[in-house]
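Here is a briefing on one chain, with the points grouped by topic. Keep the sequence and the 3D view open while reading.

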Amino acid sequence: MSPEPGAESGTGTVVLRRAWAVDARAAADVWLRSFAAALPTVVRPRSDSEVRAYFRHVVVERHETWLAEAADGAVAGVMVLEGAELSQLYLAPEWRGRGIGDRFVALAKKRRPDGLSLWTFQVNAPARRFYERHGFRAVELTDGDRNEEREPDVRYEWRL
């Protein structure tokens, strides 16, 4: 599928575009693969089928969901904005290090110029470095009692 009007595209073989209902399975599969690769010590409280159902019935239908789509149609990444929160940013493991995350953050900042917040797990040092490099600052640390994984996390904020 081609990008819808107003979608962000860039150089290279990956286009950022809004997700449609038909994309929910591929987006969820990227999330599952990325989570497993980046967070092997974090216990997921939801099964693969529950994650896929959540993407199908909630994420893509109710929130501003973007995909990074390769020229061959493969989904390389997913980003979800819920209001002023960057609630999801996951890349397929084989697509990391190619600037797609940078493009997603630039798009998020363009879409939410008044500011963004996000949560990541404290154990996810690469994600923390990534967000800090993009101007996010840690504003809250928790012991994980408010997330399903019960994993210590950190909230970041970005403001112009």
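Arg150 lies in the loop that runs between strand 6 and strand 7. Arg150 is not a glycine, yet its phi is positive, at about 60°. With a relative accessible area of 54%, Arg150 is exposed. The model is predicted.

**Salt bridges**

- The count of salt bridges comes to 13.
- Glu148 and Arg46 meet through their side chains in one of these, at 2.3 Å from N to O.
- Glu148 lies in the loop between strand 6 (137–141) and strand 7, and Arg46 in the loop between helix 1 and helix 2 (48–62), so this pair ties together parts 102 residues apart in sequence.
- Glu148 has 47% relative accessibility and therefore counts as partly exposed.
- Arg46 also counts as partly exposed, because its relative accessibility is 40%.
- Asp102 and Arg133 form a salt bridge through their side chains, at 3.2 Å from N to O.
- Asp102 belongs to helix 3 and Arg133 to helix 4, so the contact ties together parts that are 31 residues apart in sequence.
- Asp102 is partly exposed at 32% relative accessibility, whereas Arg133 is exposed at 56% relative accessible area.
- Glu140 and Arg155 make a salt bridge, and their closest N and O atoms are 3.1 Å apart.
- That pair links distant parts of the chain: Glu140 sits in strand 6 and Arg155 in strand 7, 15 residues apart.
- Glu140 is partly exposed, with a relative accessible area of 24%.
- Arg155 is partly exposed too, with a relative accessible area of 21%.
- Shared partners join Glu140, Arg146, Arg155 and Glu157 into one network of salt bridges.

**Nonpolar cores**

- The largest nonpolar core holds 27 residues.
- Met79, Leu89, Ile100, Phe104, Tyr131 and Phe136 have the most contacts inside this core.
- The elements that give two or more residues to this core include strand 1 (14–18), strand 2 (64–70), strand 3 (75–82) and strand 4 (85–91).
- Also among them are helix 3, strand 5 (116–121), helix 4 (125–133) and strand 7 (153–158).
- Helix 3 provides the largest share of this core, five residues.
- A second, separate core has 20 residues, including Ala27, Leu39, Val51 and Leu67.
- Which residues does Tyr131 touch, not counting those up to four places away in sequence? They are Leu86, Leu89, Val105, Leu118 and Phe136.

**Helix 3**

- Helix 3 covers residues 100–111, which is 12 residues.
- At 1.5 Å a residue, helix 3 should span 16 Å, and its end C-alpha atoms are 16 Å apart, which agrees.
- Ile100, Gly101, Phe104, Val105, Leu107, Ala108 and Lys109 are buried in helix 3.

**Aromatic pairs**

- How many aromatic pairs does a search of the whole structure find? The search finds six.
- Trp31 and Tyr90 form a tilted pair, with 5.5 Å centre to centre and 55° between the planes.
- This pair links distant parts of the chain: Trp31 is in helix 1 (residues 24–38) and Tyr90 in strand 4, 59 residues apart.
- Are Trp31 and Tyr90 buried or exposed? Both are buried.
- Phe35 and Phe121 form an edge-to-face pair, with 6.4 Å centre to centre and 90° between the planes.
- Phe35 is in helix 1 and Phe121 in strand 5, so the pair ties together parts that are 86 residues apart in sequence.
- Phe35 and Phe121 are buried.
- Trp31, Phe35, Tyr90 and Phe121 make up one aromatic cluster.

**Charges over rings**

- The charged end of Arg98 sits over the ring of Trp95, at 4.3 Å from its centre.
- Arg17 lies over the face of Trp20, at 5.1 Å from the ring centre.

Note on methods
Residues numbered from 1 in each chain as written. Predicted model: local features only at pLDDT ≥ 70, side-chain atom pairs only at ≥ 80, totals over all residues. Heavy atoms only, no water. Helix = DSSP H or I, 4+ residues; strand = E, 2+ residues; numbered from the N terminus. Expected span 1.5 Å × (residues − 1). Buried < 20%, exposed > 50% of the residue type's maximum accessible area, 1.4 Å probe, protein only. Core = buried A, V, L, I, M, F, W, Y, C linked by side-chain atoms within 4.5 Å. Contact = heavy atoms within 4.5 Å. Phe/Tyr/Trp six-rings, centres within 6.5 Å; stacked < 30°, edge-to-face > 60°. Lys NZ or Arg CZ within 6 Å of the ring centre and 35° of its normal. Salt bridge = Lys/Arg side-chain N within 4 Å of Asp/Glu carboxyl O.
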